[in-house]
Amino acid sequence: MDATVVAIDHVQIGVPRAAEAEAKRFYGEVLGLREIPKPERLRGRGGAWYQVGATQLHVSVEDLDPSATHGSRRHVCFRVADLAAAERAARAGGLEIIPDDQPVPGWLRFYLRDPGGNRVEVAQAVSAG
C-alpha cells in the first residue's frame, strides 16, 4: 500500500446542537464560505458543508460541551488576501478578535472562536521586504 498523502479533502469540526444556526451564520455569512449540498443520506444529521478552494470544511452537529473547546489551541486556518478587510468583516459580524500573541515572520494573523468554541485562525502571507 502506498500511503503517500496527496491532498487534504476536508476538515471536520463539531459544534453543539444549540449552536448550529449561529455556526452556519458564522461560516456562511460572516466568513463568506460557499455552502455546498451534503449527500442526501447525511442531511438529517444537521450541520453544513462548505467548499474552500479544493478543500471542504464539514461542520457537524454533536452533543458537545462548548466550554470544553474554549481553551484549546487546535484550529483551522483560513488564508485571506486582505487581513484588514477580514477583520472589518469579522467585527461587523459581531465577532471578538483575538490578537496574535505569537507572531510568525511572513504572516499577519488573528484568531476568532466560532459559536461552538472552535478556534479559527485568519491569516495573510506578507513579504519580508
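Predicted model: local features only at pLDDT ≥ 70, side-chain atom pairs only at ≥ 80, totals over all residues.
Strand E1 runs parallel to strand E4 (residues 55-62), and seven bridges join the two. Within this pairing, proline 16 stands opposite glutamate 62 of E4.

## Helix H2: buried and exposed faces

Helix H2 spans residues 83-92, and its buried residues are Leu83, Ala86 and Ala90. When H2 is viewed down its axis, these buried residues fall within an arc of 60°, so they line one face of the helix. Arg88 and Ala92, on the other side of H2, are exposed.

The buried residues of H2 are covered by elements that include helix H1 (20-30), strand E7 (107-113) and strand E8 (119-125).

## The ends of helix H2

At the N-terminal end, H2 is capped by aspartate 82. A side-chain oxygen of aspartate 82 lies 3.1 Å from the backbone nitrogen of alanine 84.

Glycine 94 follows H2, and the phi of this glycine is positive, near 80°.

How values were computed
Residues numbered from 1 in each chain as written. Heavy atoms only, no water. Pairing = 2+ DSSP bridges. Helix = DSSP H or I, 4+ residues; strand = E, 2+ residues; numbered from the N terminus. Buried < 20%, exposed > 50% of the residue type's maximum accessible area, 1.4 Å probe, protein only. Arc of directions from axis to C-beta. Contact = heavy atoms within 4.5 Å. Polar contact = N/O pair within 3.5 Å; in protein donor to acceptor, adjacent residues only side chain to side chain.
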